[in-house]
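Please read them with the structure open.

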Amino acid sequence: LDVTFCLAANGEVLVACKGVDVSAAIRTEEGGRGASTVAAIPAVRAALLQRQREFRQPPGLVADGRDMGTVVFSDATLKFFLTASASERAERRYKQLMAKGESVSLARLLEDIRERDDRDRSRQISPLVPAEDAIVIDSSATPILDVFARVMHEVKKKGLI
């Protein structure tokens, strides 16, 4: 698969497939639904696993995804499982999309999030669960700066910075 990643001047990760920028397209609601559906296919997961692991290079890696701590980087030094209620995540996503000028339904976003969570939790391969050694942080009612401070405290405690 001809996929490349690069960092934009603003810090955003840009993704190109066969030389075409697909960064925005893969971050749509439709893209998220598609990713969740395809992620349940064992052959797809197997094909991606080694490629995902190749991203781990010195000095380290911050990875985010629903099976990063349980499967892809199960031997990671430090793992966090960030969660929030479905209603809170829907509200956050609604605000993001509205800020981009997209017309969205909060009720539809909530339904999509619940469906994806159910699908991801019940899949046979790499179900959505926190790793046994993950630090679980529920950010439903926690400001982002407080979540960041908690993560940085744990990172420093491990001597990673």
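1. Two rings of Phe, Tyr or Trp count as a pair if their centres lie within 6.5 Å. The model is a predicted one, and a search of the whole structure finds one such aromatic pair. The partners are Phe-5 and Phe-55, with ring centres 5.2 Å apart and planes at 85°. Planes over 60 degrees apart count as edge-to-face, so that is the class of this pair.

2. Where do Phe-5 and Phe-55 lie? Phe-5 is in strand β1 (residues 3-7), while Phe-55 is in the loop between α2 (42-53) and α3 (68-72). The pair therefore ties together parts that are 50 residues apart in sequence. Phe-5 is partly exposed, at a relative accessible area of 43%, and Phe-55 is also classed as partly exposed, at 40%.

3. The loop between α2 and α3 also holds Pro-59. The peptide bond leading from Pro-58 to Pro-59 is cis, and its omega is near 10°.

4. Now the helices. Two packed helices are described by the angle between their axes and the distance between the axes. For α4 (residues 86-99) and α5 (residues 106-122), the angle is about 130° and the axes are 9 Å apart. That angle makes α4 oblique to α5. The crossing of the two helices is right-handed.

5. Which residues make the contact between α4 and α5? From α4 come Ala-86, Ser-87, Arg-89, Ala-90, Glu-91, Arg-93, Tyr-94 and Leu-97. From α5 come Leu-106, Leu-109, Leu-110, Ile-113, Arg-114 and Asp-117. By type, the residues of this contact divide into eight nonpolar, one polar and five charged.

6. Is Asp-117 buried or exposed? Its relative accessibility is 3%, so Asp-117 counts as buried. Apart from neighbours within four places in sequence, Asp-117 is in contact with Arg-66, Arg-89 and Leu-128. The C-alpha atoms of Asp-117 and Ala-86 are separated by 8.6 Å, and these residues are 31 residues apart along the chain.

7. Lys-18 is not a glycine, yet its phi is positive, about 55°. Lys-18 sits in the loop between β2 (13-17) and β3 (20-21) and counts as exposed, at 65% relative accessibility. Ser-126, in the loop between α5 and β5 (135-138), also has a positive phi, near 55°. Ser-126 counts as buried, with a relative accessibility of 9%.

Terms used: Residues numbered from 1 in each chain as written. Predicted model: local features only at pLDDT ≥ 70, side-chain atom pairs only at ≥ 80, totals over all residues. Heavy atoms only, no water. Axes fitted to C-alpha atoms, helices over the stretch in contact; angles between N-to-C directions. Helix = DSSP H or I, 4+ residues; strand = E, 2+ residues; numbered from the N terminus. Parallel < 35°, antiparallel > 145°, perpendicular 65-115°, else oblique. Left-handed = near helix turned anticlockwise from the far one by under 90°. Contact = heavy atoms within 4.5 Å. Nonpolar A, V, L, I, M, F, W, Y, C, P; charged D, E, K, R; others polar. Phe/Tyr/Trp six-rings, centres within 6.5 Å; stacked < 30°, edge-to-face > 60°. Buried < 20%, exposed > 50% of the residue type's maximum accessible area, 1.4 Å probe, protein only.
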